[in-house]
Protein chains: 2
Amino acid sequence: MSMTLALQRSMQATPDRIATVFHGRRQTFNEYGDRVARLAGALQSIGMRAGDRVGMLGVNSDRWLECLMGVWWGGGVLNPVNTRWSVPEIVYSLDDSDTTILVIDDHFLSRVEGIRAAARRVPIFVYAGDWPTPEGMLSFEELIAAAKPVEDANRAGADLACILYTGGTTGFPKGVMHSHWTLWSIGIQRLAQTPMPGESVALHVAPLFHMGGIGRALVQFIAGETHVLAPAFDAREVMAIVERERVTDLLLVPTMLQALITHPEFDCFDLSSLKRMVYGASPIAESVLERAMAALPGVAFTHSYGMTECGGVTSNPPENHGPEGRASGLSRSAGRAGYGIAVKLVDDSGNEVPRGEVGELIMRGPNVMLGYWNKPEETARALRDGWLYTGDGARMDEGGHVFIVDRLKDMIVSGGENVYSAEVENVIARHPAVQACAVIAVPHAQWGEAVHAVVVRKPGAQLDDAVLFEHCKGFIAGYKCPKSIEFREALPLTAAGKVLKRELRERHWAGQSRQVS
Amino acid sequence: MSMTLALQRSMQATPDRIATVFHGRRQTFNEYGDRVARLAGALQSIGMRAGDRVGMLGVNSDRWLECLMGVWWGGGVLNPVNTRWSVPEIVYSLDDSDTTILVIDDHFLSRVEGIRAAARRVPIFVYAGDWPTPEGMLSFEELIAAAKPVEDANRAGADLACILYTGGTTGFPKGVMHSHWTLWSIGIQRLAQTPMPGESVALHVAPLFHMGGIGRALVQFIAGETHVLAPAFDAREVMAIVERERVTDLLLVPTMLQALITHPEFDCFDLSSLKRMVYGASPIAESVLERAMAALPGVAFTHSYGMTECGGVTSNPPENHGPEGRASGLSRSAGRAGYGIAVKLVDDSGNEVPRGEVGELIMRGPNVMLGYWNKPEETARALRDGWLYTGDGARMDEGGHVFIVDRLKDMIVSGGENVYSAEVENVIARHPAVQACAVIAVPHAQWGEAVHAVVVRKPGAQLDDAVLFEHCKGFIAGYKCPKSIEFREALPLTAAGKVLKRELRERHWAGQSRQVS
């Protein structure tokens with residue numbers, strides 16, 4: 001199994017179907033496939049050998065999807081770089097995965113200098129934009145124009161296909177390794193679970209460097225249908241694209257969905273082409289869901305619960321979103337285990353807990369990652385006896401429906417992005433005026449959760465919010481930096497000296513129905 | 001990935017849903033899962049270790065499906081024995097695969113003595129029936145009753161899951177090896193391609209020892225829906241079961257479908273529950289298809305083209321079966337490549353032929369077998385550079401639709417069963433009165449094709465049809481024995497001394513639209 005087989009199938013059966021739409025630019029599968037095969041040849045000509053890592057640092061675009069398939073077609077492994085990251089984070093992922101070529105678009109040219117200065121091994125930069133190519137970089141378009149299309153390298157099965165970096169509990173990002181097999185399973189399973197009868201047009205607005213975005217793109221490739229790309233979320237722009245391109249399928253995080261339906265011009269657009277809406281990454285407020293369903297009456301809503309390590313885990317189908325599902329509470333569930341997936345809720349000793357009680361959600365299935373790149377210890381912690389330990393607390397009803405109730409990992413999910421407290425704490429602790437600190441999630445109306453820091457200054461030291469915030473921004477992405485900072489004389493500690501985070505959280509979460517927003 | 005995860009999911013989410021129905025006997029997924037876990041323990045207690053082969057020789061039944069999952073749950077590999085085989089053929093498959101345990105039902109007890117006498121290593125016989133257990137055999141029911149349920153062994157991924165024996169070009173059956181991965185891909189792909197929205201009830205009447213039958217059962221397990229089992233095809237009985245169990249899904253070979261719709265009591269049964277009909281294994285006469293679609297107006301028809309080595313290859317969806325599809329000729333197509341599958345038509349040198357021209361159909365995808373058990377040379381012939389060579393000749397239109405036109409392998413498909421000419425020729429040649437022979441396919445109204453032998457007697461030797469037919473029956477299954485025998489003075493030969501089978505066939509196939517029925 002190689003993910004490129006899906007493209008071969010489209011080139012053969014529906015060469016004239018539209019493959020990608022980006023702003024005014026559209027190309028057929030035949031044209032797309034030709035560019036992919038040339039790009040593969042070009043990447044090989046500048047040194048990509050089988051298994052080599054190639055990074056893509058760019059917003060969602062047709063070129064992003066060309067890079068995805070082009071790297072695979074040429075035998076490489078994709079490292080989809082998180083566009084929200086700071087230079088030190090980007091460099092960490094490039095160094096860690098030994099990424100030798102970095103494709104970069106207009107939005108991130110300002111990062112090049114910093115990467116050059118800090119990277120252990122400076123990658124070859126390939127500029128994928130429409131302006132003259134900056135000095136010291138190769139041109140994506142010129143490479144494609146000059147290259148001959150090559151044969152599909154047909155890397156397959158357990159061969160590594162991509163490394164997706166995600167926050168790390170130890171303060172460093174972890175590279176989640178997926179093979180062609182696991183990606184195939186993620187894609188075909190989602191397609192079987194949410195079939196798209198007839199032709200479909202999917203708008204990718206959730207970032208492709210995340211599992212949510214790339215997983216949805218895989219579904220569309222396997223089905224052989226049209227991809228529309230949006231470089232960033234803007235509610236008005238999304239509605240304009242849906243209307244113009246007759247988009248049938250949308251995947252949004254709850255904050256995006258909310259922005260869409262509450263937009264003052266919501267009624268000005270014809271969204272009648274929409275058939276299916278998948279939401280996920282973070283839980284949705286019931287009021288938002290109800291309002292969305294009322295505003296988009298012809299649309300089937302599905303809640304998808306998953307993570308970078310495995311794509312999908314459970315999904316809550318449209319039938320649980322109806323009046324009955326809302327009355328029974330099933331609309332608040334994350335749904336049942338997906339096809340071919342086993343889910344279990346366990347206590348600290350790994351024993352299954354009785355129905356209705358909270359345990360850590362563990363799962364196994366064909367979609368589980370190979371492990372974390374170069375991190376055998378973290379891999380051993382996450383994968384035990386074939387089970388993936390998700391770090392999420394959940395309870396299950398008699399019908400096997402899962403309700404996520406708590407996060408056991410010390411992690412914050414803000415606007416769909418995972419932030420590990422340890423990573424932020426490490427950065428805060430580097431400031432010379434800080435004696436101790438703890439980072440927790442607090443509820444946030446727009447982002448679900450926000451990063452909150454509780455800080456103890458060194459005796460006699462001066463430090464305020466603004467200074468500490470600037471300090472953080474130098475090391476980590478903006479979404480990981482504390483949105484609010486609180487100074488205290490001391491942190492509440494357990495007898496063993498561990499910070500009592502539960503106590504810190506309590507004040508903020510009083511009156512909320514669950515400790516995960 | 002282990003195929004048992006699908007069962008775990010059903011036991012968790014829908015324990016009270018009906019898992020199997022066989023005659024009057026029905027059990028829930030909870031009951032079924034309990035019996036599976038006990039059977040697994042029982043098989044381990046009589047010596048089954050991880051990877052050991054266990055044979056199942058029986059008609060379709062609930063116990064057959066218990067054996068399927070029980071062997072996997074306990075860590076074993078299933079050898080689903082072809083029930084139409086003669087004792088020497090059965091023994092060949094048991095010996096070849098080193099099958100140590102053979103589960104056998106009432107219908108095949110007469111074979112036990114012969115197997116005992118001929119097997120290199122006599123297997124442990126487990127009697128899966130409702131009568132007193134014959135001497136020298138263990139009882140399936142007593143084993144289950146006495147055993148404790150064990151934990152799922154969770155064999156997974158590339159671990160061998162089953163060996164399906166199919167006819168061999170060299171005259172010996174070949175054991176097609178499938179892993180949990182390839183079976184998962186076969187099942188989930190079929191489910192994605194032919195979704196079953198809502199609850200479904202599938203009637204398994206095509207034999208489970210064939211890929212068509214076992215593959216359909218995997219779909220049903222992955223979806224977590226109900227299996228109804230019929231021990232043999234009887235048109236009236238199938239209609240009675242559909243009416244009684246409100247069956248929604250049927251998979252039939254064309255001869256079965258024809259028998260159903262032309263049955264004198266067709267109008268006496270309520271078949272309104274039927275939603276989907278998949279037909280395959282051999283081509284269908286247009287008149288039969290049209291009559292079937294007229295007789296079953298609410299049913300979506302799908303043609304599935306596949307083989308033991310890979311499950312599905314292409315499928316022709318319901319939309320091509322409508323008036324437009326019939327007018328354009330698409331209803332006669334085998335459809336396009338399935339999700340994730342690449343199909344290519346090549347000439348003798350492996351180069352792709354232009355659209356519209358006939359070439360050998362080759363394919364690659366996540367569903368392709370690991371290879372043939374213990375047959376590296378046959379494996380190397382079938383799997384080249386990752387492509388499976390099917391031996392079928394086909395042409396392709398501009399839309400990627402495949403039309404099967406010829407069989408390049410010297411094989412006959414009679415009533416959905418593959419018969420390799422070489423195997424039958426070897427048996428005929430053993431008769432002392434035979435000097436030369438050639439076995440070919442001739443058209444047959446009911447079975448599509450029939451086995452026909454052209455025989456040259458030794459000078460002065462006596463031999464007639466009846467004697468030669470009896471001789472064949474001693475070695476091979478009835479369906480492989482010639483249905484007609486023709487004696488000649490000599491066979492037409494090529495310059496190189498090869499039999500010119502095309503010439504032998506011509507007379508029989510004159511006036512037929514294609515050389516494969």
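Reply:

Let's start with the big picture: the centres of domain 1 and domain 2 of chain A, taken over C-alpha atoms, are separated by 35 Å. Domain 1 covers 1–179 and domain 2 covers 411–509, with bounds that come from an automatic or database domain assignment. The contact between them (heavy atoms within 4.5 Å) takes 13 residues from domain 1 of chain A and 13 residues from domain 2 of chain A. Together the two domains bury about 980 Å², with 45% of it on carbon and sulfur atoms; buried area is the accessible area (1.4 Å probe) that two parts lose on being put together, summed over both.

A quick note on the ground rules. This is a predicted model, where local features need pLDDT of at least 70 and side-chain atom pairs count only at pLDDT 80 or more, while totals for chains, interfaces and linings use all residues. Residues are numbered from 1 along each chain as its sequence is written, chains are lettered from A and ligands numbered from 1 in the order in which they are written, and side-chain values use heavy atoms, leaving out hydrogens and water.

Now zoom in on the sheet. Chain A has an open sheet of 9 strands with mixed pairing, in the order S2-S1-S11-S10-S12-S13-S14-S15-S16. Its edge strands are S2 (25–28) and S16 (336–337), each pairing on one side only. Strands (E, at least two residues) and helices (H or I, at least four) are DSSP runs, numbered from the N terminus, and two strands pair if DSSP finds at least two bridges between them.

Let's follow a few of those pairings. S10 (residues 201–204) and S12 (residues 249–252) of chain A are parallel partners, with 2 bridges; one pair to look for is Ala202(A) with Asp249(A) in S12(A). Further along, S13 (residues 276–280) and S14 (residues 300–307) of chain A also run parallel, joined by 5 bridges. There, Tyr279(A) has His303(A) in S14(A) as its bridge partner. Then comes an antiparallel pair: 5 bridges link S14(A) to S15 (residues 311–316) of chain A, and a hairpin of 3 residues connects S14(A) to S15(A). In that pair, Gly306(A) sits opposite Gly312(A) in S15(A).

H9 (residues 235–245) of chain A lies across S1 (18–22), S2, S10, S11 (226–229) and S12, at about 160 degrees to S10(A). For that angle, axes are lines fitted to C-alpha atoms, for helices over the stretch in contact, and angles run from 0 to 180 degrees between N-to-C directions.

Is Thr4(A) buried or exposed? Thr4(A) counts as buried because its relative accessible area is 0%, and buried means under 20%, exposed over 50% and partly exposed in between (1.4 Å probe, protein chains only). Beyond its neighbours within four places in sequence, Thr4(A) touches Met69(A), Trp72(A), Trp73(A), Asp152(A) and Asn154(A). With Asp152(A), the side chains make a polar contact at 2.5 Å. That term means a pair of N or O atoms within 3.5 Å; within protein, one must be able to donate a hydrogen and the other to accept it, and residues adjacent in sequence count only if both atoms are side-chain atoms.

Finally, the neighbour. Chain A and chain B bury about 3,100 Å² between them, 60% of it from carbon and sulfur atoms. On the chain B side, Arg9(B), Gln12(B) and Tyr339(B) lose the most area to chain A, together 22% of what that side buries.
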